[in-house]
Structures are given as structure tokens and as C-alpha cells.
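The following note sets out numbered points on the model shown below.

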Amino acid sequence: MKEFDFDSVVCRRGSGSYKWDSSTDSEVIPMWVADMDFKTAPCVIEALQRRVSHGVFGYTRVSDAYYEAVCHWFEQEHGWHINREHIIYTIGVVPAVSAIIKAMTAKGDKVIVQTPAFDCFFSSVRNDECQFVSNPLLQNADGSYSIDFELLSRQAADPDAKVLLLCNPHNPSGRCWTREELERVGKICLDNGVFVISDEIHCELTFNGHQYTPFASISEEFSRNCAVCISPSKAFNIAGLQIANIVAEDDETRRRIDKAINVNEVCDVNPFGVVATIAAYNEGKPWLEALKLYLWENYKYLCGRMEAEAPHYRITPLEATYLAWMDIRSSGLTSEEFYSGLMEHGKVWLNPGTKYGSEGEGFVRINLATPRTILAEAVDRLLNFIKSL
């Protein structure tokens with residue numbers, strides 16, 4: 001496999017990075033927001049440099065090459081055939097989710113979400129004046145999570161429940177849902193007239209033999225009862241270029257979503273996002289494969305250090321994403337107390353689990369997408385803090 005440099009420290013304070021510049025304390029190591037500290041794939045940088053040399057940055061037409069790149073990638077990599085006519089482009093997955101909720105619900109409708117959940121899901125449901133219904137995940141003996149299908153069945157049977165907001169793969173638990181699990185979810189929703197919004201932004205970042213299954217690829221019935229949100233932004237570290245896609249097969253559903261996208265004024269994308277997506281999907285696979293190996297080694301490094309020096313602080317098995325979910329209940333502290341104490345005394349910025357709902361109490365989320373030297377320093381500080389308790 002071609003060598004790529006993931007060890008160089010690229011992101012520093014003062015570089016314009018939201019992740020690094022959000023703290024005024026120069027000693028803080030930021031491991032919170034889901035943003036990587038690596039340069040994107042060289043093919044993406046080269047494509048952007050060519051686009052910059054063009055010198056004109058007005059409104060852009062999304063070209064045939066864009067649709068071809070998206071469709072070819074998902075067909076080749078994930079066995080999902082996407083009709084280009086079913087794609088709606090937009091500026092990001094979060095705006096996409098909000099627009100789809102707006103399109104598929106009325107004020108007061110219930111939206112089911114598996115918790116702990118990505119924090120923006122809470123605001124998306126609230127901002128669209130819907131009711132948030134928590135479907136807490138079940139924690140297994142090894143620390144991994146599974147879906148409470150019995151509870152989901154009861155919640156979906158509520159006539160006010162109109163949408164299930166699915167995260168596939170799941171943030172923050174790190175689960176990569178199996179095809180069988182998704183089939184059960186899809187059948188419950190189909191039987192009860194509940195529409196599925198599937199956030200699949202982390203779909204490329206799977207590890208250790210786990211395979212991502214696009215929800216819409218499972219059956220024709222499922223594909224007509226869902227809208228899938230995808231983007232190269234997480235896998236290729238290009239979130240700032242603001243590009244994402246909604247895939248909706250049903251014509252009436254797509255019309256409603258397209259209207260909501262325009263009402264929310266998130267229908268215009270920038271030329272750099274278009275160019276970067278084409279390059280990433282057409283040429284970026286070798287870089288992505290190398291990245292995944294590096295991220296997996298970071299995860300193993302964290303697990304090894306914690307198991308050797310603080311074994312009561314269990315790391316949830318990671319199947320997908322670059323976000324480790326750590327059980328800190330043995331500390332005797334709440335998630336917020338642990339987070340604030342580590343910030344004050346260890347100068348490491350993690351996310352408290354309660355950011356992802358009450359089901360996250362007793363956990364913290366750690367961003368592993370950083371050079372190993374930075375990770376090692378952060379783990380040193382984390383362990384020193386734990387030993388001081």
C-alpha cells in the first residue's frame with residue numbers, strides 16, 4: 001500500500017481550525033469535535049489547487065462528473081446502485097437531516113432517535129417543532145451496544161411517530177449496524193408507516209472486518225421509505241467544503257425534501273466541495289485505506305494503554321467512526337465532572353457523554369483522528385488525571 005504521512009502535525013492553534021482555536025488555552029489538546037487533524041488525500045489537494053488556478057469562484061453548476069463519481073463509488077465500494085436522478089445535493093448532512101424532518105413531519109409529530117445520539121439530532125428535531133422520542137440502545141456485557149427492538153416496535157406503533165432518525169454507522173457508540181439489524185429496523189418502520197432518515201456520514205470509516213450496509217440498498221420497499229444522507233466530509237476530512245447528498249428514491253418524497261432544502265436556503269454548494277468530492281471518490285481510495293489502518297492503530301494504542309494502566313475505564317469496542325466511547329463510571333464522577341476536571345487539570349478536551357443525551361451519563365467521547373504523538377501525550381495526561389482521583 002502506498003505510504004501517506006499521517007504522523008506530521010498539521011493542525012495547530014492559530015491555523016483557523018475550529019477544533020484547535022476554540023480554546024484560548026494554548027496547552028489544551030482538543031479531542032472533541034469530529035474533525036481530523038490530517039491533511040486530506042493528495043488527489044483532493046491537487047484537484048483543489050487546479051480549481052483555485054481557475055480564478056473564478058462564482059455560482060457553480062454541479063456537473064455530470066459529480067453524479068458519476070458519487071454513483072460509481074457507492075456501486076463499487078458498497079454494492080448500492082444509486083440513480084443520479086434520486087440525488088439532491090446540499091451543504092451538509094446536518095442541514096440535510098433538518099430539511100428532511102421538515103419535509104416529512106408536521107408540528108408536534110414524534111421523531112424516534114436511538115440514544116446516546118449525535119448532539120445535532122436533538123436540535124434538528126427541536127428546531128422543526130417535533131417531539132424527540134428516545135429509543136435507548138442496550139449495552140452488552142462487552143460494552144458494545146445493540147438496538148432495543150421491542151421498545152422500538154412499541155414506539156413506532158404510536159400514530160404520532162412519523163420518523164426514525166437512524167445513525168448508520170452509529171455515533172457515538174461506534175457500532176456498524178449489521179444487515180440483519182437494519183432489516184429488523186426497516187420492517188418495524190415499514191409496518192408502522194414510520195419514515196426512515198439515515199445519516200450515513202461515517203460509512204467509509206469501518207474497521208476490523210465490519211461492513212457498512214447502506215440502508216436503502218436492502219430492499220426496494222426500504223429504499224422508497226427512506227432518505228439517506230451521505231458525504232465524503234468525514235472520511236476525507238473536507239467538512240469545511242460543505243458538500244453532502246440526500247438520496248431519496250420516491251418521487252413525492254424527493255419533491256417534498258427538495259422544497260424543504262430550498263425553504264431552508266441550503267441548496268447552493270460551493271465549487272470546491274464539488275471538485276473535492278469528484279477527486280475523493282475517483283482517486284482517493286488508496287489514501288482512505290491507509291487512513292483507516294492508521295486510525296485502527298490509534299484505537300489499539302488507546303485500548304492498550306487504558307487496559308494496562310486503568311483497566312476499569314473500559315473502551316467500547318470500535319466498529320466504525322474514529323470516535324472512542326469510554327466508560328468512566330468507576331471514577332465516581334459524572335461525565336460533566338470528569339470532562340471539566342480533565343480540562344482543568346489535564347488540559348485535554350473530550351466530550352462529556354451527556355452531550356449525546358442522558359443515556360451518555362458515565363461516558364466520554366474521544367476523537368482519535370490525530371497524529372500518534374498527540375494521541376500519546378493526550379493519553380499520558382488522561383491517565384495522570386485518572387490516577388490523581
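1. Phe132 is partly exposed, at 27% relative accessibility; the classes are buried under 20% relative accessible area, exposed over 50% and partly exposed in between, with a 1.4 Å probe and protein chains only. Phe122 is likewise partly exposed, with a relative accessible area of 22%. This is a predicted model, in which local features need pLDDT of at least 70 and side-chain atom pairs count only at pLDDT 80 or more, whereas totals for chains, interfaces and linings use all residues. Residues are numbered from 1 along each chain as its sequence is written, and side-chain values use heavy atoms, with hydrogens and water left out.

2. The structure holds 22 aromatic pairs. Rings of Phe, Tyr and Trp (its six-membered ring) pair if their centres lie within 6.5 Å; planes under 30 degrees apart are stacked, over 60 edge-to-face and the rest tilted. Phe74 and Tyr281 form an edge-to-face pair, at 6.0 Å centre to centre and 80 degrees between the planes. Phe74 lies in helix 3 and Tyr281 in helix 11 (residues 271-283), so this pair ties together parts 207 residues apart in sequence. Helices (H or I, at least four residues) and strands (E, at least two) are DSSP runs, numbered from the N terminus. Both Phe74 and Tyr281 are buried. The rings of Phe122 and Phe132 are stacked, because their centres are 4.4 Å apart and their planes at 10 degrees. Since Phe122 belongs to helix 5 and Phe132 to strand 4, that pair ties together parts 10 residues apart in sequence.

3. Ring pairs also link a cluster, made up of Phe6, Phe38, Trp73, Phe74, Trp80, Phe236, Tyr281, Trp287 and Tyr294. Arg372 lies over the face of Tyr294, 4.2 Å from the ring centre. The charged end of Arg184 sits over the ring of Phe149, 3.9 Å from its centre. The criterion is NZ of Lys or CZ of Arg within 6 Å of the ring centre and within 35 degrees of the ring normal.

4. Which residues of helix 5 (residues 119-127) are buried? They are Phe121, Ser124 and Val125. These residues cover an arc of only 95 degrees around the axis, which puts them on the same side of helix 5; the arc is that of the directions from the helix axis to the C-beta atoms. The face turned away from the buried side carries the exposed residues Arg126 and Asn127. Glu129, which follows helix 5, has a positive phi, near 60 degrees.

5. An open sheet of seven strands has the order 2-10-9-8-7-3-4, with mixed pairing; two strands pair if DSSP finds at least two bridges between them. Strand 2 (87-90) and strand 4 stand at the edges with a single partner strand each, so one side of each is left without a neighbour in the sheet. Strand 9 (residues 226-230) and strand 10 run antiparallel and are joined by three bridges, with Ile230 opposite Asn245 in strand 10.

6. Strand 14 (residues 363-367) is largely enclosed by the rest of the structure, because five of its five residues are buried. Phe363, Arg365 and Asn367 point one way from strand 14, and Val364 and Ile366 the other way. Strand 11 (residues 323-327) pairs with strand 14 in the antiparallel sense over five bridges, and Leu323 stands opposite Asn367. Strand 13 (residues 351-352) also runs antiparallel to strand 14, joined by two bridges, and Asn351 stands opposite Arg365.
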